[in-house]
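Reader: I have a structure to go through and would like to ask about it piece by piece. Can we start with how its parts meet?

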Amino acid sequence: MRAIQSCSLRVRVLPAALLVLAACGGKPGGDTPARYGIGRAATTQEIAAIDIDVGPDGAGLPAGKGSVSDGAAIYATKCAQCHGQKGEGMPPAYPAMVGRDSAGEKFGFAKDAKIAKTIGNYWSNATTVFDYIRRAMPHTAPGSLTNDEVYALTAHLLSANGLLPATATLDSASLMQVKMPAAGHFVPDNRRGGGTIR
Amino acid sequence: MTDPESKEGAALTRRDLLRGAAVAGGAALVGIPAVARSQAQALAPVVPPLVPQVLPPIPADATKLLGTPTSPVGTRSRFVTASRAPTGEVTGTSFTPLQDLTGTITPSDLHFERHHAGIPLLDPARHTLTVHGMVDRPMAFTVDELRRFPQVTRVHFVECSGNGRGAYRDPKPELTPQKIAGMTSNSEWTGVRLADIMKEVGAQASAQWFLAEGGDACLLARSIPMPKAFDDALVVWAQNGEPLRPEQGYPMRLLLPGYEGNANVKWLRRLEVGMRPWMTRWETAKYTDPLPGGIARQFSFEMDAKSVITSPCAPRTITKGWNPISGLAWSGRGRITKVEVSTDNGKSWREAELQGPSLPKAHVRFAYMWEWKGSEQVLLSRATDETGYVQPTRAKLIEVRGKGTDYHFNPIYGWRIATDGAITFHGES
């Protein structure tokens, strides 16, 4: 029984009977301790330095703020050369980010691959805009933007998509108020193999 | 440079990058040393490019001439030209030349590539995997430390879920196996069970998801359901007996058998255990499947069963007489149990031989001996996996998913043999 306890996590995948034989005690390959004692503790500071993700509930959004107009100015100098003055992109290499055409509004992407998927018609969470820009953009200088700049760029892109007034300023609280047109269109995977093609 | 299959790959080349940087007028690059703009650039040798090597003449009789000596690292025969294509893409793809390979293991240097921000140059002495969030003991591991956990070696394919997009949307006669399916590769991977790492850090039983993040220039991040960590997920550092290739995630990557390639995060630097998915750009704006009825499928990880004939194939020709019809089959849900071949465009099907063991979530090679007598024929293959799933026709997929769907393309494809032995792609099953 001690053996089972020390391998308790394996219960999630193996039936308990198999467990004793397969995972613990005198088996070929040696013993399985509760922990191997390998690795070192990660400090709070070092985790904070890399824990940059923002969740759909706003968890991880930093302090700071930025206005639509500041965002437009930063966009013109740091983003427009690849994504176009109006966020129209230069597909396929540089994605479009702005656009809410009528076909897109009906979420008709399965019918027509040519409808550009934009923040305005395909992104389900405003938090993703912040998270992605902070992670990855501008493409040739990732990680170079301040949090205020990322808020401003997020505000500008949401506003360009008609999701925020041109006079708005975005911070962690107001970002969570933005209603994304694509929210509610996403469904979990229902493919299970077997006889049904989905 | 833009390959039809790599719309998703978006074909951003190094030249484009320089262009972007140039147009930026330096504005985006202030404070960034010129060499840091691209790590590939930083790596470029300072010496002028080598003059083309003069190859020795091919001897009339090699048994009469002493051969060449041993060398530190082998190279392919000069007669072998298998190569990935397209190349030079920082944000984009290169495809495996499936038609040039035999057996089931993809040579590491021909494994397809898909990068969202180029290949990072990571020093294994400094790179760590940090695991935190809903864990009792947040911890960091170097690759050397990971190697001290129980090691497992498994054969699995990795397939980009965008594999085959070009052929699905726009089947053209000149397409080759490389172009219709070259974003799948199969390797022997060595690493540690993610379950062992989760146990070491004391992942909390109530946790539902974890975030996996890479150490590349876009910090690519995906949310993965926690049960996968305790099922068959691995953190691997080796591929086909040697350390991972840089383009496959050196010094370590996540390996989620059967899951779409993008979720197998390369250059793995961080795992955060939590309660809900993070809704990263790669699981919302990308890697979701638009479907009829104004919806899109999300977190569609498992790759559906698929097969492709790699010989005969376009753009080759075939000679009359006996020929093997040979190809690869795989499923993200387990073992391939059957591959059938049709030589009459799907009117009748014959079972092919599965060569070697059919391993779960791995490529298996199939073969069927066939005598070509010179008539026009269409060769097709169709895989069945252990769940009973049978690879569908393209018409069926278009019916249920729409022509604009964006990922997970696994229709039955084939090759049309003309009376003169010329071969073209047949994509309209």
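Reader: How many salt bridges does the rule find across the interface of chain A and chain B?

Author: This is a predicted model. A salt bridge needs a side-chain nitrogen of Lys or Arg within 4 Å of a carboxyl oxygen of Asp or Glu. One pair that meets in this way is A:Asp189 and B:Arg297, at 3.9 Å from N to O. Across the interface of chain A and chain B, the number of salt bridges found is 7.

Reader: What is the area buried between chain A and chain B?

Author: The size of an interface is often given as the accessible area lost when the parts come together. Here 68 residues of chain A are in contact with 91 residues of chain B. Carbon and sulfur atoms give 58% of the buried area, which is about 6500 Å².

Reader: Is B:Arg297 buried or exposed?

Author: B:Arg297 sits in strand S15 of chain B. Among the residues it touches are A:Val187, A:Pro188 and B:Asp289. Buried means under 20% relative accessible area. B:Arg297 has 2%, so the word for it is buried.

Reader: Which backbone oxygen lies 3.3 Å from a polar atom of the side chain of B:Arg297?

Author: Several residues of chain A touch B:Arg297, including A:Asn190, A:Arg191 and A:Arg198. The backbone oxygen at 3.3 Å belongs to A:Arg198.

Reader: Is B:Phe79 buried or exposed?

Author: B:Phe79 is in the loop between helix H2 and strand S2 of chain B. With B:Ile58 and B:Val80 it makes a nonpolar surface patch of about 330 Å². Exposed means over 50% relative accessible area. B:Phe79 has 61%, so it is exposed.

Notes
Residues numbered from 1 in each chain as written. Chains lettered and ligands numbered in written order. Predicted model: local features only at pLDDT ≥ 70, side-chain atom pairs only at ≥ 80, totals over all residues. Heavy atoms only, no water. Patch = residues over 30% accessible without salt bridge, like charges linked within 9 Å, V, L, I, M, F, W, Y side chains within 5 Å. Areas by Shrake-Rupley, 256 points an atom, 1.4 Å probe, with all protein chains shown as cover. Helix = DSSP H or I, 4+ residues; strand = E, 2+ residues; numbered from the N terminus. Buried < 20%, exposed > 50% of the residue type's maximum accessible area, 1.4 Å probe, protein only. Polar contact = N/O pair within 3.5 Å; in protein donor to acceptor, adjacent residues only side chain to side chain. Contact = heavy atoms within 4.5 Å. Buried area = accessible area lost by both parts, 1.4 Å probe. Lists of a residue's contacts leave out its neighbours within four places in sequence.
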